[in-house]
Amino acid sequence: MPHTVALPFPWGDVWGQDAAVETLRAAASDPAALSHAWLITGPPGSGRSTLAYAFAAALIADRPDDEAAMRQVLAGTHPDVTALRTDKVIITIAEARALVERSYFAPSAGRYRVIVVEDADRMVERTSNVLLKALEEPPENTVWILCAPSEADLLPTIRSRVRSLRLREPDVADVSRLITLRTGVDEAVAEQAARHAQRHIGMAQRLATDEGARRRRDETLRSVIGVRGVGDAVEVAGRIIQAATEDAKALTAERDAQERASLLRMVGVAEGQAVPPALRSQLSALEDDQKKRATRSLRDGIDRVLTDLQSMYRDVVMLQFGQGDELINRELLPELSALAAAWPETRTLVVLDHLADTRQSLERNVAPLLALESLLVTIASGRTP
């Protein structure tokens, strides 16, 4: 269960992970309990990165009450913490090499140098091998903190060199209470958001505070239920891609503009002034990174749609087997009950299998529109194209 008493700084934003916090607090205060490399695993939204940075802050601080240093870590400005948060599809070898190089620097201000890799599951095998030497022969006073959904997402050679910490999955009531505390939204809205987000804290908070996101989710699910043939499949797939594209642009546009303005300020180019030829390569590199991030953001948006669809057809299967007490999409009960009555269970399972295959296809760079069209034809027909 989540803590009922507020945890001391910097652990206060970690929710429902008392056992993990206790382990890491002990490690931060007792060198005998500290491993040189940690792997924090848990489902999306379970708070992996929040816990990682709280741990980093506790490691850096000279004393438990050294709040200034800990706030620096949480703000991302402490010189002894290096973080890799990739918004791209994969972590590159160059990024991994830069981390390893950084890991050999002695701490400049804190007790340790800490390297945090938020998306360690986005390393291909060659990139993972770059980290191995640093994990096999760890530099003195350097601690690695890797985050991933599960241990299976990393190579066995990596897993054997880290201490794993598995986070518990919060339940709907946990997440709902947290969202209400953080945002002040109505309890019913928070409960619905936690349920629809399938307990992913970040997504639940967005749904709870963004009426447009709630509306788009509802419209998408209802439009998929209404698909009856190939024509419908093509039209609805196009609408889903368009909505995901617009959503991705909205999420990245402001950040892109801020990054561009920050770069230009840093090199002394006034707003509206032409960029000197010597600086265009820096601007071009930034734009390339932003395009990669936009690609990842779009894929993540489409994956969220597929996750929502999986929840809907999971509800249909539950109804078909007489287990309708814990539906994720209660608001669609009449429509889902009609589907459950109209289809055999085998057809719903075919749809769920194709949904899983579609998510994997998108990770292999299959064109999103074609993948969605194929999926929706299966939903309409009950057969895999």
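**A pocket and a helix pair**

Begin with the second largest pocket, to whose lining H1 gives the most, with 3 residues (helices are DSSP runs of H or I with at least four residues, numbered from the N terminus). This is a predicted model, in which local features need pLDDT of at least 70 and side-chain atom pairs count only at pLDDT 80 or more, while totals for chains, interfaces and linings use all residues. Residues are numbered from 1 along each chain as its sequence is written, and side-chain values use heavy atoms, with hydrogens and water left out.

Select Trp11, Ala58, Arg63, Pro64 and Met70, which lie nearest the centre of this pocket among its 16 lining residues. The lining comprises 9 nonpolar, 1 polar and 6 charged residues (Ala, Val, Leu, Ile, Met, Phe, Trp, Tyr, Cys and Pro count as nonpolar, Asp, Glu, Lys and Arg as charged, and the others, Gly among them, as polar). H1 and helix H3 (67-75) each supply at least two residues of that lining.

Next, select helix H1 (residues 18-29) together with helix H2 (residues 48-60), whose axes come within 9 Å and cross at roughly 25 degrees. The two helices are therefore roughly parallel to each other (angles under 35 degrees count as such), and their crossing is right-handed.

Finally, show the side chains where Ala20, Val21, Leu24, Ala27 and Ala28 in H1 meet Leu51, Phe55, Ala58 and Leu59 in H2 (contact means heavy atoms within 4.5 Å). The residues of this contact are 9 nonpolar, no polar and no charged.

Terms used
Axes are lines fitted to C-alpha atoms, for helices over the stretch in contact, and angles run from 0 to 180 degrees between N-to-C directions. Angles under 35 degrees count as roughly parallel, over 145 as roughly antiparallel, 65 to 115 as roughly perpendicular and the rest as oblique. A crossing is left-handed if the near helix is turned anticlockwise from the far one by less than a right angle, and right-handed if clockwise. On a 1 Å grid over the protein atoms alone, a cavity is a set of points where a 1.4 Å probe fits but cannot get out, and a pocket is an open set with protein on both sides within 12 Å along at least five of seven lines; lining residues have an atom within 4 Å of a point.
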